[in-house]
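Hello,

Here is the structure I promised to pass on. My notes on its aromatic rings and backbone follow below.

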Amino acid sequence: MDPSFVLERLEFQRGDVWYARYFRGMVTFLVGHSKAGKSTALEALLYPLGLLTATVMPEVRGCQQVRLIFRVAGTRWQATRSGSNPRARVSLKNLDDTSEIEHLLPVASAKAGEMTAGAFVQDLLGLPQAVRGATRVTLDDFYSTVMALRQNTIASEFLGGGRDEARILALEVLLGLWNENLAGLEKNASETASRYRAARSALAAFKKLRDSGALADPASVRAAYEQKQREHRAAAQRWQEADAALKVAVGERGRLVALHQAAEVQRRKTAKQAVAAHTKVNGATAEHARAEGELATLLKPAPQDCTCCGQPLPDREPGLCRQCGQSHDGVEDRREQQIAAARAKVDRLLLKLRGLQEAAAAAADQAAEADMAAAAALAARDTYDEGHLQPARKAAQQAEKEAHGLSRDVAQLKERLESADYISAQEQVIKTAKEQMDAAQAARDAAVTAHDVRRKEVTGRWSEFFLARLKQINPDIETAHIDPADFTTRVKEQHTADKTFAESSVAGSPKVATNVALLLALRDLGRVDRDVRVPPLMVIDSPLAGLGAKGLDHDTGLRLIDTLIDIADDPSPDGYACQVIAATNDPLPRPYPDVREIRIDTDNRFFDHAPRRDN
């Protein structure tokens, strides 16, 4: 039996006020007519734990927060969840250990490995995280299968309906029959068998090709392989030699390129110098021409008219200036001085011009020589490219292509050679695969045998408790059996044939009794078998549909009440009895000790008229 799981109270906040519904005692009935809100209350009971399958009714969405106070193995916990936003995080807090931090957990994980609120509660209850293929059981699956029977399924669906894979895996976990190692052994046996079949199939296909002549003779393939290897080694040697020659040619071309670049630099330099010298000659020529013009102007006859008014100058006495009339005796004629200075300037500029002309001629000669040298270097480079570098590069490329082609031929022949020796190698592969398959299957079969023995033993004892609980509810039941493979039931009543769940009456008390008795028997089994771990809590929506009637349905309802009280009186190993919270349309026919009724009707609804929470 799992640790005890007891609900103390359900709290909910509306506005600024907290309200609460208390579950004192181990058996509680919510009593009220149809549409009074019983199912809404039962759906909300475990909603704060982070369930995804709980229906969020308008009454729950109208609450700011919904909180459940519960005990697991005697430790009190508090779970709080938003009513208006079911996707909001759930708060889980240990009320008995104030040093433990509050856990704020998501309802659904957004990333791999993230703990959810449901998984946290599942761990609290000691229920392992079981996975088989694509099926993973969560708290929702345990809740829907063994903790709650809902009104929409209790009289029509076997243990709440849902996927058979999840139901079977959940019950295997609770019965201690889920064996993670067995799943690994099954997978290993399947994989080794697949490898063995694939190896045999490959060998058969190879032999078929060989027999059809599609595969060559191994001796001829080996001879061709060895010959091709020799050709490849020779080609590789030629490639290395051609590549070495290409590297030498590339180096020589680099030297020629460097010489051409140096000659080109010198050519540009001398050409620039020649242009500069020619520019200087042009400037000196112009300056010399201007000086000759000035001299020629001075050598013209002296003016006979006044330079101011243009009238003929009067005759003067010797020694007097004809224009101004002042004496210039003893002073050299200014005009003659200017002529002499002009002649001297012309001579000086002529000498300068000749020097610059000589320098320009020398610079032009140097430029011509540099241009010829650069042209010769370029021609030498191009000639070497055409005569040496390009042939060397072509030879290296051809040798490389030949070597690579022979390399591919060698690889292909190697594959053919390996395939020629394939039969002996593949026979060894098949032998090894068969040994691995036999060992894996033997380990699997031994584990399956032990597991099947345990499975039949557990379901056999469960069937005994199932029959006893069914007889409590309906004394006319003669036999009851639980199938070890899928845990479905067959029940036989007096004067009728045995029936599966689906063959029982539609939406009738036999199906209700089967579901309730099977869960009660599961808890009975958990008290005598320590490997069976089932949460000792049952939430049942309307199991007593015929309590207000008379006759058989009424008698069955009374026996069902006694059966629920009986299971609640039997304590779990840590001292707490199985808690039962159920709903019924009709009041209980008489008072029962330790059974609490919560009356719900139109004027006293579960949420709207709950008492304020005690402070």
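**Aromatic cluster and ring pairs**

One aromatic cluster is formed by Phe12, Tyr19, Phe606 and Phe607. Bear in mind that this is a predicted model.

The count of aromatic pairs is seven. One of them joins Phe12 and Tyr19: the centres are 6.1 Å apart, with 25 degrees between the planes. That pair is stacked, because the planes are under 30 degrees apart. Both Phe12 and Tyr19 are buried.

Trp77 and Phe120 also pair. Their ring centres are 5.7 Å apart and their planes stand at 70 degrees, so this pair is edge-to-face. The pair connects distant parts of the chain: Trp77 belongs to strand 5 (residues 75-82), and Phe120 to helix 3 (residues 117-124). They are 43 residues apart. Trp77 is buried, as is Phe120.

**Charges over rings**

Two arginines are worth a look. Arg21 has its charged end over the ring of Phe606, 5.2 Å from the ring's centre. Phe606 is also part of the cluster with Phe12, Tyr19 and Phe607. Arg24 lies over the face of Tyr22, 4.6 Å from the ring centre.

**Positive phi**

Which phi does Ala73 have, positive or negative? Positive: near 55 degrees, in a residue other than glycine. Ala73 sits in the loop between strand 4 (65-72) and strand 5. Its relative accessible area is 43%, so Ala73 is partly exposed.

Asp594 is not a glycine either, yet its phi is about 65 degrees. Its place is the loop between strand 15 (579-584) and strand 16 (595-599). Asp594 counts as exposed, because its relative accessibility is 68%.

Best wishes

Technical notes:
Residues numbered from 1 in each chain as written. Predicted model: local features only at pLDDT ≥ 70, side-chain atom pairs only at ≥ 80, totals over all residues. Heavy atoms only, no water. Phe/Tyr/Trp six-rings, centres within 6.5 Å; stacked < 30°, edge-to-face > 60°. Buried < 20%, exposed > 50% of the residue type's maximum accessible area, 1.4 Å probe, protein only. Helix = DSSP H or I, 4+ residues; strand = E, 2+ residues; numbered from the N terminus. Lys NZ or Arg CZ within 6 Å of the ring centre and 35° of its normal.
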